[in-house]
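Let's work through a few exercises on aromatic rings. Take a look at what comes next, then try each task before reading its solution.

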Amino acid sequence: MNKIILNCARLLPLCLFASFFSYSGEMTPQSTPRSVTHAMGVTEVPQRAMRVITLFQGATDSAVALGIHPIGVVDAWAEKPTYRYLREPLKEAVHVGLETQPNLETIAALHPDLIIGSTFRHEKIYAQLSQIAPTVFTDNVSDFQQTLALTAQATGRESEGKKRLEQWQHRVTRIRAELQKSVPDWPITASIINVRSDHLRLYLQESFPGMVLSAIGFQLPKIKNAAGWGIKLKSKEALPAINADVFFIIPHADNAAVKQNFESWRHHPLWRILNAPKNNAVYTVERTSWLLSGGILGANQILDQIANRYHLQSAVR
């Protein structure tokens with residue numbers, strides 16, 4: 001008898017842990033489940049999710065764009081803990097850790113009815129997240145239109161998502177037309193250059209800012225054997241690879257190391273013979289919207305900056 005009691009005592013913490021990290025799968029009649037197909041398969045989700053946790057920046061941006069106030073979000077990459085443009089709608093949200101390492105206990109304690117993540121960041125913990133609540137994943141963190149569409153579908157806000165995407169497409173069409181009229185020799189080539197403390201990164205068409213610029217007609221460099229997002233440049237002999245009519249420069253931080261590194265690159269003889277420096281078309285842009293936001297709201301902020309840069313008054317919101 002004593003052995004039985006002892007074994008039960010040992011098992012009790014495990015039972016409590018399992019119950020804490022699992023949900024019954026039962027839903028109320030008002031939330032009859034729907035099937036959503038996503039990067040990890042098919043998941044049953046509520047008709048209209050209300051307690052949503054987002055585990056990457058683009059999903060958080062997309063949720064806010066749809067009128068959702070997530071109950072849990074991951075920390076911002078900069079402007080911590082929350083990007084300035086999202087602080088008001090996220091003022092009540094609980095932070096659940098880093099995008100690369102969300103805290104499962106904190107997530108479970110919030111009792112979400114939906115979790116949105118990405119295979120790019122969270123594939124290894126998908127099973128654990130799915131024990132907490134219905135979980136859907138995108139297959140990347142760059143395709144903001146895919147992220148918005150999945151977020152809208154999974155939360156039961158398809159009509160809001162459709163409206164947002166239609167507004168986006170209308171604005172893209174208008175800006176493309178304005179650029180074609182106002183920029184000589186359109187379409188022009190563009191390089192999106194992220195300056196780090198010890199190297200440069202060239203973002204290509206499959207990156208978040210690359211998708212935005214490509215949508216409005218800019219032509220980005222084509223690099224053989226490059227990763228989807230882009231390439232790292234550590235040698236100044238590689239500078240010809242970034243040649244374009246215009247450079248959009250994204251400093252990775254406002255510190256001496258980044259500034260000193262950029263100075264060393266832009267004073268190199270090869271930099272000076274590239275088209276953008278020769279034509280005085282090297283523009284510094286804001287890091288959060290261009291590189292870190294990852295969603296439809298951030299994408300529209302990029303369009304705002306392009307409209308202002310090229311004096312497209314009819315395209316400014």
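**Exercise 1.** How many aromatic pairs does a search of the whole structure find?

*Solution.* Start with the ground rules. This is a predicted model, where local features need pLDDT of at least 70 and side-chain atom pairs count only at pLDDT 80 or more, while totals for chains, interfaces and linings use all residues. Residues are numbered from 1 along each chain as its sequence is written, and side-chain values use heavy atoms, with hydrogens and water left out. Rings of Phe, Tyr and Trp (its six-membered ring) pair if their centres lie within 6.5 Å; planes under 30 degrees apart are stacked, over 60 edge-to-face, and the rest tilted. The search turns up twelve pairs.

**Exercise 2.** Classify the pair of Phe218 and Phe248.

*Solution.* Step one: the ring centres are 5.9 Å apart. Step two: the planes meet at 85°, so the pair is edge-to-face. Step three: Phe218 and Phe248 are both buried (under 20% relative accessible area, with exposed over 50% and partly exposed in between; 1.4 Å probe, protein chains only).

**Exercise 3.** Now classify the pair of Phe248 and Trp290.

*Solution.* Like Phe248, Trp290 is buried.
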